[in-house]
Amino acid sequence: MSIRPPVKRPLLIDYWVTGRCNFRCPFCYGAFAPDKTEGTQSLYRVSDNLCRPELSFNQVKGILLKLKKIGVTNVVFSGGEPMIRRDIVDIIKFSHRHFTTYLSTNGYLFFEKYDQIRDSIDSLSIAVDSLNKNVIANLGKNINHIDNVMDILGYFINYKPKHIVKVATMVSQINKKDILEIGNTLCHNQNVYKPNAWRLYQFTPHRKALTVKEKYEIDTNEFLEICHSMKEAFPDIYISGRTVEEMEDGYFFITPDGQMQILLRNEYCTIADLLTIGVNDLIKMLYRYIPEIKKSRKKRGWRKALSPALDQDSSYDESLDLVDDDDIVMGQVSRAAVYGGKKKVRIVNIFLENVQGKIWIPIRNPQKEIYPFCLDNSAGGHVKSGEDYDAAFKREVMEELNIDISRCKWELLGYLKPQVDKVSTFMKVYKIISNTTPDFNRYDFLSGSWMKPSNVMELIRNGQPSKDDLIILMKRFYTQKLSMTV
Ligand code: SF4
């Protein structure tokens, strides 16, 4: 199976289109701009001493089209405050032509731009952290914020929106006593539009918000208890809570300077520069994060989207037969437990040879757990528990080279034992004869080419990294040909 972009499933990404904001919330962990914007260029602070420009509308469009090609279906625009961008209307209109489009805002500039975007957004999320002006001031927000949000929710009573309306509340030690009042207002105030959903977020001590952790942090159990009591108190409204833990290991987003990042165990890891990376390379980079996505619980569609590779990658945990010194099955072991150890299992190795005697030799995918970037046999892999060598040969050839062995000539070259032949474990080695360059699996191999056996040996001797068994197998099965072709 070859790599394909994820398609036909909802796949959501957050796009922090700006680092600028008209508020200065101490708990903000989003993109952030330097305190002073230099010249006319809007800057985004990448780290304490590095600022980079925010992208232009054309650059944002280019990135959105790239996201579309990799299968993204839903984009959430946030920041900073996305409505602060002069071109946000153009961005949202463009996005709406290609994606389900969400806008997450503090609402401060709502009435300036809403008319122009109302038909281009599918969901609008407005931040409401308290209705108490003292608390709002304590949270670092402009105290007019409450009046503004109430005006927006009142406006929707008269001008019913076609899009979804959500209210987002960050819950911390500072505002935890205000959550009930927010619920009462959203559900029971006649002058307030009842939102389609109310999302409660646990205070997240990331990035800039780390500095106020002691003052704001709320225990997960206490947060979940608040979510639970709100659901009981307001059954008429859809309420969901998101803990800090649920944010991690599956949260993909784009920074204002165009970096695609993932949040992994509190670290913001850059996957790619979306301005420069090609679509195929981006897909390859995403597949590198499969083990992380596998571990995560909230994936915003990414786990399902990458499921072809996840299914394949589940072989990493597959069960293999553990064998004794005579290749007799003694029990089972996971494939992960075999790597780096001395446990004996069974493997198959395959050479694809053409009629000129050249072998198709691939370079392993850089994302491989073992031997990344190394020369390899044409195909190969473990014999799964309950499988025999021939069945594994047939399966591996199909999975890695997309070749059906019932349609080509093949033969068994030999059966090798670690004690006798100095190979890594018990193996059967096969040869397939075909002149067709294989449609190889990009998850396994980066590239491949037809080579004379003598050239393969020369490359390895000259220091090209290769799988340990490759040179042994080349010597064993191609020595005769070497003497003819060298
Ligand atoms: S309004 Fe939102 S983006 Fe702006 S500072 Fe506050 S939390 Fe950050």
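Me: How many C-beta neighbours does Asp327 have inside 10 Å, and what does Asp327 count as?
Reply: Asp327 has 17 C-beta neighbours inside 10 Å, so it counts as partly exposed. The scale runs like this: 20 or more other C-beta atoms within 10 Å is buried, 12 or fewer is exposed, and in between is partly exposed, with C-beta atoms placed from the backbone. Keep in mind that this is a predicted model, where local features need pLDDT of at least 70 and side-chain atom pairs count only at pLDDT 80 or more, while totals for chains, interfaces and linings use all residues. Numbering starts from 1 along each chain as its sequence is written.

Me: What about the phi of Asp327?
Reply: Most residues other than glycine have a negative phi. Asp327 isn't a glycine, yet its phi is positive, about 65°. You'll find Asp327 in the loop between strand 13 (319-323) and strand 14 (329-334). Helices (H or I, at least four residues) and strands (E, at least two) are DSSP runs, numbered from the N terminus. Asn402 has a positive phi too, near 60°. Asn402 sits in the loop between helix 15 and strand 18 (409-416), and it is partly exposed, with 13 other C-beta atoms within 10 Å.

Me: Which peptide bond is cis?
Reply: Most peptide bonds are trans. Here a cis bond joins Gly79 and Gly80, with omega about 25°. Gly80 belongs to the loop between strand 4 (74-78) and helix 2.

Me: How do I check helix 15 for length?
Reply: Multiply 1.5 Å by one less than the number of residues. Helix 15 (residues 389-401) has 13 residues and should span 18 Å; its end C-alpha atoms are 17 Å apart, which agrees.

Me: And which residues of helix 15 are buried?
Reply: Ala392, Phe393, Glu396, Val397, Glu400 and Leu401. Seen down the axis of helix 15, these fall within an arc of 130° (taken from the directions from the axis to the C-beta atoms), so they line one face of the helix. They pack against strand 15 (346-353), strand 17 (379-382) and strand 19 (426-433).

Me: What does Ile88 touch?
Reply: Contact means two C-beta atoms, placed from the backbone, within 7 Å. Not counting residues up to four places away in sequence, Ile88 touches Pro82, Met83 and Lys113. Ile88 is in helix 2 (residues 88-98), and it is buried, with 24 other C-beta atoms within 10 Å. Ile88 and Thr18 are 70 residues apart in sequence, yet 9.9 Å apart in space, C-alpha to C-alpha.

Me: Which residues touch the most other members of the largest nonpolar core?
Reply: A nonpolar core is a set of buried Ala, Val, Leu, Ile, Met, Phe, Trp, Tyr and Cys residues joined through C-beta atoms within 7 Å. The largest one has 73 residues, and Ile13, Tyr15, Val75, Phe77, Val171 and Leu200 touch the most other members. Leaving aside neighbours within four places in sequence, Tyr15 is in contact with Val75, Val76, Phe77, Phe253 and Ile254. There's also a second, separate core of 32 residues, including Phe351, Trp360, Leu375 and Phe393.

Me: How many helices and strands does the chain have?
Reply: 18 helices and 20 strands. Of the 486 residues, 37% count as buried. Among contacts with a separation of 6 or more, 67% join residues 24 or more positions apart.
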